[in-house]
Amino acid sequence: MESAALQMAWTDDELVARSVQGDTESFNELVLRWERPIYALAYRVLGREDDARDVCQDTFLRAFRGLGAFKGQAKFSSWLYRIALNLCRDAIRRERRTPLVAVSEGVDVGELAAQQPSSAPSAEDLVVQAELSRHVAAAMRRLPEEQRTAIILKEYHDLTFQEIADVMGCPLSTAKTRLYQGLSVLRRELIPGERRPAEVAPFRKVEKQP
Amino acid sequence: MNRHESCHDKVLLASYLYNECSDAERRVIEEHLAGCAACASEVEELRSVRSSLSQWKVPERELGFRIVSRQDERPMPVISRRMWTPPWWLQTAAAVLLFATAAGLAQIEVRYGSDGLVVRTGWSKPIAPAPARVSESAPAEAPWRQELAALEQELRSELSAASAARPTAAASRPASQNEEGLLRRVQALIDQSEQKQRRELAMRLTDVVRDVDIQRRADQMRVQQTFGQLEGQTGIAVRDNRELLDYLVRVSQQR
């Protein structure tokens with residue numbers, strides 16, 4: 001068995017090739033590389049840590065079992081994202097009735113956004129940041145799933161529009177449109193504007209967690 | 001591209017926003033933005049949205065997934081241990097033998113009688129406890145008696161020497177008075193000596209009792225350790241079985 005250092009230097013494709021030949025450790029190196037991004041994707045899509053963890057685990061299990069079917073036509077990571085998103089979709093279908101987010105009432109998100117910390121965060125900044133993070137999460141959850149997924153893949157996983165199209169199984173222009181539409185909805189919700197006072201308001205009316 | 005097209009070409013704006021457009025497309029868009037306040041403001045706000053999105057953090061979570069192949073699932077040490085694990089009856093026999101040996105070493109007497117199960121260490125031994133205590137203290141008492149006898153002898157010889165010498169030294173005093181005082185002093189000396197000897201005896205007895213106690217504790221510990229090892233072996237066997245069960249459950253779930 002090759003040394004761990006050498007294993008770390010290999011590309012995803014090389015590790016995939018070795019995994020296909022039955023080298024479990026090579027696959028585990030791939031797991032190590034991609035478990036955090038896959039978990040983050042699942043967490044942002046689903047909004048629950050435990051579900052995200054389950055999806056993450058299942059993604060790698062499925063990937064391992066399906067290695068033979070992976071022909072290298074796409075990047076290994078894109079393939080993983082695709083598996084993870086399918087599992088997320090299943091999870092959403094199963095849990096459709098459960099509300100996803102709660103946002104505390106009476107918090108002016110516009111103000112929060114305006115108070116965005118610039119550089120070194122103080123304790124106060126961190127609190128604001130946490131609040132802002134929650135509100136961004138809440139706003140994202142209210143987007144249609146496809147818009148949300150497109151934004152997540154672009155903003156947090158740096159996929160190109162073509163990769164997003166591949167992962168989501170849609171035309172390139174559709175991927176761009178979904179993302180742009182999603183951003184526009186978020187703009188109405190997150191950006192404080194004197195011109196759109198009424199558009200900020202609906203943000204406070206959110207379903208509450210049970 | 002005229003103004004109208006550009007305002008509605010969201011696909012192009014998306015590419016521009018994420019730097020995925022060609023230089024030519026970029027020039028066209030920037031020209032348009034320079035002349036269209038609404039679009040310029042829109043792009044600015046979308047950038048602000050992107051900056052807000054960067055605030056959305058994912059909670060840290062321990063993941064550490066690992067794919068374990070089936071032959072790896074039961075690593076060598078476990079397998080070899082499982083292979084060497086003797087059947088239960090052999091284990092029981094070994095345990096009995098081990099216990100008997102340990103009991104022998106620790107001089108433990110195990111007896112099952114009408115009064116139930118009796119376990120005795122070699123130090124509290126005896127079949128008849130009362131005489132044993134006497135015999136136990138006898139060796140400690142014997143030297144004391146000898147020493148006392150020797151002291152008495154010594155004192156008596158001193159006394160006789162003194163009674164021989166004193167009359168000349170105190171010729172003026174009546175002999176009977178002299179002797180009486182001397183006797184009292186000797187008696188006092190003997191009393192003191194006896195007290196001293198008793199203290200020594202008490203100390204020696206304490207030592208003996210302490211030694212016995214230390215030995216008894218050591219024996220107890222040894223016995224407990226032996227039992228602990230036996231329990232440990234049982235625990236390992238139980239754990240092995242549980243691992244095997246888990247494995248079987250996992251495998252059956254996968255199918």
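How many residues of chain A and of chain B does the contact take? It takes 35 residues from chain A and 26 residues from chain B, two residues being in contact if their C-beta atoms, placed from the backbone, lie within 7 Å.

This is a predicted model, in which local features need pLDDT of at least 70 and side-chain atom pairs count only at pLDDT 80 or more, while totals for chains, interfaces and linings use all residues. Residues are numbered from 1 along each chain as its sequence is written, and chains are lettered from A in the order in which they are written, with ligands numbered from 1 likewise.

Select next, on the side of chain A that touches chain B, the elements that give two or more residues: α3 (24–46), α4 (49–65), α7 (123–141), α8 (145–155) and α10 (172–190) of chain A. Helices here are DSSP runs (H or I, at least four residues), numbered from the N terminus.

Move on to α5 (76–94) of chain A, whose 19 residues reach 27 Å from the first C-alpha to the last, close to the 27 Å expected at 1.5 Å a residue, where the expected span is 1.5 Å times one less than the number of residues. Among its buried residues are F76(A), W79(A) and L80(A), buried meaning that 20 or more other C-beta atoms, placed from the backbone, lie within 10 Å of the residue's own. The cover over the buried residues of α5(A) includes α2 (12–20), α3, α4, α8 and α9 (161–168) of chain A.

Finally, select α9(A) with α10(A), which pack at an angle of about 100° with their axes 8 Å apart. Residues including F161(A) and M168(A) of α9(A) and L172(A) of α10(A) make this contact.

Definitions and conventions:
A residue is buried if 20 or more other C-beta atoms lie within 10 Å of its own, exposed if 12 or fewer, and partly exposed in between; C-beta atoms are placed from the backbone. Axes are lines fitted to C-alpha atoms, for helices over the stretch in contact, and angles run from 0 to 180 degrees between N-to-C directions.
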